[in-house]
Amino acid sequence: MEPVLVGVDAGTTNIKTAAFTLDGEEITQATRKTPLEAPRDGWIEQDMAATWDRTAATIREVVESLADAEVVALGVTAQGDGCWLLDDDGDPVRDAILWSDGRAAGYLNDWKDDGTADRIRQITGSDLFAGAALPILQWLADNEPEAITDADTVLFCKDWIKYRCTGERVMDYSDASLPFLDIDQLEYSSTVPDLVDVPGLAEMLPPLAPGSEVIGTVTDVAADRTGLPVGTPVVSGLIDVAASAIGCGVVEPGDSSSVVGTTSLNQTFLSSVPEELTGHGFTLALSEGLYCRAMASMAGTPNLDWVLSELTPDWDFADAERAAKDVPATAKGLLYHPYLSAAGERSPFNDPDARGQFVGLSPNHSRADVLRAVYEGVALAMRDCYEHIETDADRIRMSGGGARSDLWCQLFADCIDAEITVPTGDEFGARGVALLAGVGAGEIDDLASTVRETTTYEQVWKPRDRYVRIYDEWYGTYHKTYEQMRSVWHQRARTVDRLREETGLSYEA
């Protein structure tokens, strides 16, 4: 029977499972939507049991569709950050609080003021943001102390799925990097838990294992739910941003990739931790000698979703792209900052008070001009991230929903002055972690050569000199404008908070 690798990618809104040959060719895939819950404005949660149910259903659908094939290994990747708590019995303590949740934003300013944030950054190589596990755990300790009392283990989404498959509670380096890992030592920091007031935090952290290490095998119960053979090896896996990069062809130091989806994630693989970190972002350990320096704008394609819904509900994406293409560069002088998340922005600056804004709006601007400004704003935010990663990226592998837009891909190439390549395929996160599983199971000898030899590209977008010059100057205005707005954002947030307290206004701002 032909050996097959299975990869799971449990995203924020969709769970995808795919089967691949040993050379990374996709055979089949299955998808389930995962509903999000919003108990209050700015709060985003997910039912952990429902996440597992939907994951198991996608795995079973894939396994049952395979003919004359043997599943030889399973890899899992998923959304990172947030907080997924298990009790002693392995049951969820409460619904998971996700990376996009903003309830813990208030701790960030306090930790900046007292130096806690800087100390954590020096240890982990990464900056905190409202949706990171540490501020969420502190919020729970202060507001739902029973959740901390009941918790035995802190996990991330992929680790929860691995646990349901194997019964083993294990975290990998990449997810642990934010915010528990001593990035230089590749082990949990003994200092970070003492910097916050979360009782028993150090004891809640599970064992660590690199992404390609087999951490357990599929149990009888999990086999019954998923259709996987009992005893199938399961590897530790990686956070979705790193797994997707590998699936796109990024595997060696110097390789870069971007994922334009719910967030706009931009990353470069490095051979060592940078001595100095400029800008706010994440340094994720993948294995000894391989790191990922990443910066993720909090909002990517949701910017376009929002403007289509509110300003052009009668247009679909094709209509929007046609209209925006006809507008000249710089959208007739209309500048847009795509800070649309309720949790503010986290890269390349960290500010929970940041909000989206148009600058230069006049009665002469049409709906098409506004759309063009939104497309450009997301592209300029990507440029901003790469400027602060401080890498000379001349080729970027592009994936996510934004990679399906011809206009966006050309704008990315022009704004960054880099070749944009769109890999063939769709399920890059699942592909990346499936190939890791192949390494862990001994089916693949060398990950780097396998990725290089099997990744193909369906489109290439080259920067155009004239537009590179235009957007280079426009980026300067983009950057200077948001720097000038920082104090205004903070004043706006304080004013809104005071008005809510004094007048009873009830809305998230």
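How far apart are the end C-alpha atoms of α13, and what should its 23 residues span at 1.5 Å a residue? In this predicted model, in which residues are numbered from 1 along each chain as its sequence is written, local features need pLDDT of at least 70, side-chain atom pairs count only at pLDDT 80 or more, and totals for chains, interfaces and linings use all residues. Side-chain values use heavy atoms, with hydrogens and water left out. The end C-alpha atoms of α13 are 34 Å apart, which agrees with the 33 Å that its 23 residues should span, where the expected span is 1.5 Å times one less than the number of residues in the helix. Helices (H or I, at least four residues) and strands (E, at least two) are DSSP runs, numbered from the N terminus.

Helix α13 covers residues 367-389, and because 21 of its 23 residues are buried, α13 is largely enclosed by the rest of the structure; buried means under 20% relative accessible area, exposed over 50%, and partly exposed in between, with a 1.4 Å probe and protein chains only. Just after α13, glutamate 390 takes a positive phi of about 60 degrees.

Two packed helices are described by the angle between their axes and the distance between the axes. Axes here are lines fitted to C-alpha atoms, for helices over the stretch in contact, and angles run from 0 to 180 degrees between N-to-C directions. Helix α13 packs with helix α14 (residues 406-416) at an angle of about 45 degrees, their axes being 9 Å apart. The two helices are therefore oblique to each other, given that angles under 35 degrees count as roughly parallel, over 145 as roughly antiparallel, 65 to 115 as roughly perpendicular and the rest as oblique. The contact, meaning heavy atoms within 4.5 Å, includes Tyr375, Val378 and Met382 among the residues of α13, and Leu407, Trp408 and Phe412 among those of α14. Its residues divide into 12 nonpolar, no polar and three charged, where Ala, Val, Leu, Ile, Met, Phe, Trp, Tyr, Cys and Pro count as nonpolar, Asp, Glu, Lys and Arg as charged, and the others, Gly among them, as polar.

A further partner of α13 is helix α17 (residues 465-503), which packs with α13 at an angle of about 85 degrees, with the axes 10 Å apart. These two helices are therefore roughly perpendicular to each other. In this contact, residues of α13 including Gly377, Ala381 and Asp384 meet residues of α17 including Trp474, Tyr475 and His479, and the residues involved divide into seven nonpolar, three polar and six charged. Helices α14 and α17 also pack with each other, since their axes come within 7 Å and cross at roughly 70 degrees, and they are therefore roughly perpendicular. Here Leu411, Asp414 and Cys415 of α14 are in contact with Tyr467, Val468 and Tyr471 of α17, which by class amounts to five nonpolar, no polar and one charged residues.

Cysteine 292, found in strand β16 (residues 290-297), counts as buried at 0% relative accessibility. With residues up to four places away in sequence not counted, cysteine 292 touches Gln267, Thr268, Phe269, Phe282, Thr283, Leu284 and Leu286. Threonine 77, which lies in strand β5, likewise has 0% relative accessibility and counts as buried. Leaving aside neighbours within four places in sequence, the contacts of threonine 77 include Val8, Asp9, Lys158, Ile239 and Gly429.

Most residues other than glycine have a negative phi, and most peptide bonds are trans. Aspartate 81, in the loop between β5 (69-78) and β6 (84-86), has a positive phi of about 60 degrees although it is not a glycine, and at 10% relative accessibility aspartate 81 counts as buried. Alanine 331, in the loop between α12 (317-325) and β17, has a positive phi of about 50 degrees and counts as buried at 0% relative accessibility. The peptide bond from leucine 178 to proline 179 is cis, with omega near 15 degrees, and proline 179 is placed in the loop between α7 (173-176) and β9 (181-182). The bond from serine 347 to proline 348 is cis as well, with omega near 5 degrees, and the place of proline 348 is in the loop between β17 (335-337) and β18 (357-359).
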